[in-house]
Structures are given as C-alpha cells and as structure tokens.
Amino acid sequence: MEIRKLLFVTKFEELCYDALNSLLALRGAALEHVVFLNVIERDKVAMKRGSGYLKEEEVKLKETANIRFIDWAENLFELGLEVGAYMEVSLLIPEILRVIEKESPDLIVIGRSHKGALEQLYAGSDVMELVRRTDVPILVFKHMIDDNIVPEKLFERPLFATNWSKTDQKAIEYIKGLKEVIGEIHIMHVVKDSALKSSDTHEVQKVRKVERKKLDTLCDELEDAGLNARPHVYVGDPQKEIEKAAKEYQASMIILGSSEKAAIIERWTGSISKNIADKSIFPCLLIPGKKDI
Amino acid sequence: MSKKVLVVDDDPDVRSFVVTVLEENQYIPLVAQDGVEGLEMIEKEQPDLVILDVLMPRGSGIRLYRKLRTDENLKHIPIIMFTGIALRSFLKSQKVLDEFKGGEVPEPDIYLEKPVEPEELAAAVKKKLG
C-alpha cells in the first residue's frame, strides 16, 4: 500500500512545520498530496453571556491559520507536492472524519491527545476514538525529547510490535509500502509472563524458539519485499517491553496494529496501543483493524 | 451577450467578493468551491474566463491550472490566478512539475495576489474579456 495522500491535523501547538518536514521522506513512498486541517474548538468562539457568538474571533483564528498554511503550502508546492487546507470551527474527531470522507487520505498525522486523565476516562482519548472510527492508519507524532527536537528520520528505524493478530497482517502490508523510506525495521513479539506456564527453563526456551521462528518467517517475508528486518523476542509486560525495545534499538517510531475490540473496557483499563500512543516518548503509527468486530 | 466567469475558491467570503465585482461589471458569475468541482463546472459550462485560487481542498489550483493549460479542449479558456500563494512559489512549483511530469506549462497571463481592490480585479477581468 502506498502513501499518496497525507492528512496533517494541527492546532499549531505540537505539530508545526518541523514535524511536517520530517514526514517529507514519504515522497520516497509515493507521497504527492498533503492536506492540512486546523480545527478551531467551538468553545473558543462559542456564545458567551453578553457577547454572543464571537464571529470576529472566528475570523481572526481562521485567518491566522490560513496565513500559517499559506506559508507551509508555498514550501510544499515548491517541492512539487499538491496541497489542500481546511480551517473549521468544529469538534475535532467529527471534523477529521468529514475530511477523511472528502479526501481519502492514506495516513493521518496527529499530535498526542491533550485531554486530561479524567476527561479521557469518560470521553476516551482523541487518538483512540479516531482509531475506532476510521480504517486509515494514524501517526501519533511526538517530539521525542523534552527540548522539542523533531526526529529527523522518522522512518529510518521503526519498531513493529506484533501479537500475530489479523490487524497485524494489515500493518505488514502497510510496512511493505514504506520500503523505500525505511532503513531497517525491528520486529518484536512480547511473550506475556502469563503465557509461560512452566518455570522450567526448557519450556521457557521452547516458547521463545516458537515465537522466534515465526518472527524469522515474517522477517524473511519483509526482506523478500525489499526491507531490512531484524527479529526480537521479549518476555514480560507488553507495554513496558515494547518501550524498552524501542529504547534499546533507538527506534525512530513504534508501529502497532490496533483493534477496536472491547473499546469500552479499553477506556477503563487502557490498551497497549492506547497507552503507547498517549504516553510513550516515541512517535507511534497505529494501524486500525477492520470495523466489523 | 454577457460572458460567463467561473470563480474557483474555497473561501465563501472571497467567492462573494468576486461574484459582486463580476455582477457589477455585467458578467455572469459561476462558482465552484474546490478544484474537483471547478473542473466539473468548466467541462459543463465552458466559461469564458476562470478566476482560480491555488490552496484549496480536493484538488488544488496548481493541478487544475495544469489541466486547463494542457487539455486540448480547455486550453483556450483564459485564467486569472487569484490567490494568497506568492507568484514565486507558484512558478517554482510549475517548474518542478514540468520536470517530474514532462512538458512545459506556460505561465499564467494574470496573477493577482490577495487581497486586491475591486477595481484591480475588474480591470484584470476586462483585460481578458473586454
């Protein structure tokens, strides 16, 4: 699957031109069209006692976004890319879904959720709500360290964590489409503590061997497709081990399949993809599963 | 007989401004809000002039401009580019696309950078249509 069109959702806080710039390597994976979306939250212009709807504020916010987008668009046009832009007063997720319907992007880029813990508990995170409502892969962009430096080569060394789900098959096809921009991909599987039924060393090694073999087969498949892939088996808590592996191999991003199964339960207990998307320091590419579960 | 002028712009305020200028100067305004709708209107209505924005959703003015300048059935239609994108960037983009896609697309006859006064827009339209 090629990435021809990218939807870049920005509030100009976390995602700015430097972030966009680091995505331009995707031109090597067929990127030819970038669509900007700025959603002005309704409460910024909503009716207020004594002042009514803040129309002037809306115009000001839209024009500010427009000036920013014109500047970015000029840079992208000069690279031969096609560019479009939307600036709307709306709710974030419904507006993203509306633009997805109009533009059919191959990738959505969004910053991490800014909702507070309590708000996320009741309303869910923006990112996971989006995962549940679209089939389009979502890159949760992050500045990897506190000083806001953008990872220059975002696709140079991704880490793909697989749990052998059906969604992961879709992720693998997507990864193959990125072969021109990925330098080396690390593929890992985490064996949960609970899956190690015996404390016998031989049995533990047997589990490792089975998983390693599956990983080797997957790496062969990716190498046949033109990628340089390396397998890793980890044991323990998946979220912690994925984070650990990403650090050990200096991953440029984490790639995860994400199913919408048990969305309500997930909201209360957290899922691996949700927690990594919201909390990890690494950018995270989420590949949603089919919406028929 | 009055001439038909198609305005392709995603901003309703800009469309409204251009439509007013056109009506005041006895032209028949037509409107489209993005590049895809613009092309459909051009093929259906065969306007005498197109006033074209660049940065728009669903197919930018860059793509539509190239289509209009390379399609044998449409290349006779004059275009006024009317946009916030600087001419320098527009020309660079065309040069890069010429290299990527082959062929050489001519520069636009009239390129107006927003905002403009109504008189300036009306004069540009008159220059192309009389």
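Just after H7(A), Gly226(A) adopts a positive phi of about 105 degrees. The model is predicted, and the values in this report are computed from it. Helix H7 of chain A covers residues 201-224. At 1.5 Å a residue, its 24 residues should span 34 Å, and this agrees with the end C-alpha atoms, which are 34 Å apart.

Glu211(A), Leu215(A) and Leu222(A) are buried in H7(A). The cover over the buried residues of H7(A) includes helix H6 (166-176), strand S7 (185-191) and strand S8 (229-235) of chain A.

## Chain A as a whole

Chain A has ten helices and ten strands. It consists of 293 residues, of which 40% count as buried. When contacts in chain A between residues at least 6 apart in sequence are considered, 79% of them join residues at least 24 apart.

## The sheet

The ten strands form an open sheet with mixed pairing, in the order S3-S2-S1-S4-S5-S10-S9-S6-S7-S8 (chain A). S3 and S8 of chain A are the edge strands, each pairing on one side only. On average, neighbouring strands of this sheet are turned by 20 degrees against each other, direction ignored.

Strand S1 of chain A (residues 5-9) is mostly covered, with four of its five residues buried. S1(A) runs parallel to S2(A), and five bridges join the two. Phe8(A) has Phe36(A) in S2(A) as its bridge partner. S1(A) also pairs in the parallel sense with strand S4 of chain A (residues 107-111), over three bridges. There, Leu7(A) has Ile108(A) in S4(A) as its bridge partner.

Antiparallel pairing is found between strand S5 (residues 138-141) and strand S10 (residues 284-288) of chain A, again with three bridges. Ile138(A) stands opposite Leu286(A) in S10(A).

## Helices lying across strands

H2(A) lies across strand S2 (33-41) and S3 of chain A, and runs at about 165 degrees to S3(A). H6(A) lies across strand S6 (158-161), S7, strand S9 (253-258) and S10 of chain A. The angle between H6(A) and S9(A) is about 140 degrees. H6(A) is also among the elements that cover the buried residues of H7(A).

## Ile96(A)

Ile96(A) belongs to helix H3 of chain A, residues 92-103. Ile96(A) counts as buried because 26 other C-beta atoms lie within 10 Å, where the cut-off is 20 or more.

Leaving out residues up to four places away in sequence, Ile96(A) touches Val9(A), Leu37(A), Ile108(A) and Leu130(A). One of these, Ile108(A), is the bridge partner of Leu7(A). Ile96(A) and Val45(A) are 51 residues apart in sequence, and their C-alpha atoms are 19 Å apart in space.

## Contact between chains A and B

The contact takes 16 residues from chain A and 17 residues from chain B. On the side of chain A that touches chain B, the elements giving two or more residues are helix H2 (55-78), strand S3 (82-90) and H3 of chain A. H2(A) gives the most, with six residues. By type, the residues on this side of chain A divide into nine nonpolar, two polar and five charged.

Definitions and conventions:
Residues are numbered from 1 along each chain as its sequence is written. Chains are lettered from A and ligands numbered from 1 in the order in which they are written. This is a predicted model: local features need pLDDT of at least 70, side-chain atom pairs count only at pLDDT 80 or more; totals for chains, interfaces and linings use all residues. A residue is buried if 20 or more other C-beta atoms lie within 10 Å of its own, exposed if 12 or fewer, and partly exposed in between; C-beta atoms are placed from the backbone. Two residues are in contact if their C-beta atoms, placed from the backbone, lie within 7 Å. Ala, Val, Leu, Ile, Met, Phe, Trp, Tyr, Cys and Pro count as nonpolar, Asp, Glu, Lys and Arg as charged, and the others, Gly among them, as polar. The expected span of a helix is 1.5 Å times one less than its number of residues. Two strands pair if DSSP finds at least two bridges between them. Axes are lines fitted to C-alpha atoms, for helices over the stretch in contact, and angles run from 0 to 180 degrees between N-to-C directions.
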